[in-house]
Amino acid sequence: MADSVDFCPYSVLAGEGSCGTPVPQGTINNICFLLDIVTHTNAEIVVQRRRYANDRQPDIDDDDDDAEEEVRPSFTCNVDIFELKALLGLYYLAGVLNMNGVTTYELFDKDCGVAYFRATMPQKRFTFLTNCIRFDDKGIRQEKRERDRLAPIRELFDKIVNTSQQLYTPSEYCTVDEQLLAFRGRCPFKMYIPSKPGKYGIKIMIMCDSKNYYMCNAEVYTGKGSIPSQKPL
């Protein structure tokens, strides 16, 4: 098998991959979605960067001595699609390692942290991008929220579920049940279920393959009527 070759996402949008090979429409759609996230995130970065107006001069905390004055400190610069994919990769890695209860400081600690995190980006950059990442147009979010309380991440959530369905055929044994995703931050549909280990969190109705626990379908409970009783599995 030939080695895979990375290609420019902007060439993919034109329908041309490595060595001039045609690119599947699904790949183009995914690149477009990532570029939309980049646009929405950079819009938030511009807003957040103003908070560092007094820190634009070079200092010992700046990670990049070549950063331009208007984007100092350097960890407040705009993100591109490659760095966004690296950030999402770190999120995925944290999930694979079951480190959802680990602090950012611990993840980046040079003695007991994960080396992949330190090798990918500085801790300040990781924290800043995590605070700024946006998956929708904030300008029309309120209008969408009137119809769907999951609007800020709806497109992302649906893509994850659709991809899970496209890449796997479940066995004849499936289970439908609710899961409380432990979460204590701000969320209008956060629930309190004392019988659950985490007690506070976001309730998700999930259909999984009983043999290997693979998620086949899911829907977030955002309030009464958010999960239709007649919705096909």
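Cys174 comes out as partly exposed, at a relative accessible area of 34%, while Cys216 is buried at 6%; here buried means under 20% relative accessible area, exposed over 50%, and partly exposed in between, with a 1.4 Å probe and protein chains only. This is a predicted model, where local features need pLDDT of at least 70, side-chain atom pairs count only at pLDDT 80 or more, and totals for chains, interfaces and linings use all residues. Residues are numbered from 1 along each chain as its sequence is written, and side-chain values use heavy atoms, leaving out hydrogens and water.

The cut-off for a disulfide is a pair of cysteine sulfur atoms within 2.5 Å, and the count of disulfides is zero.

Now for the rings. There are seven aromatic pairs, counted when ring centres of Phe, Tyr or Trp (its six-membered ring) lie within 6.5 Å; planes under 30 degrees apart are stacked, over 60 edge-to-face, and the rest tilted. Two of them are set out here:

| Pair | Centre distance | Plane angle | Class |
|---|---|---|---|
| Phe108 and Phe117 | 5.6 Å | 80° | edge-to-face |
| Tyr168 and Tyr214 | 4.2 Å | 35° | tilted |

Lys159 puts its charged end over Phe33, 5.1 Å from the ring centre, and Lys203 lies over the face of Tyr221 at 4.4 Å. To count, NZ of Lys or CZ of Arg must be within 6 Å of the ring centre and within 35 degrees of the ring normal.

As for the whole chain, the protein has eight helices and four strands, with the order α-α-α-α-α-α-α-α-β-β-β-β from the N terminus. These are DSSP runs numbered from the N terminus: helices are H or I with at least four residues, strands E with at least two. Of its 233 residues, 33% are buried.
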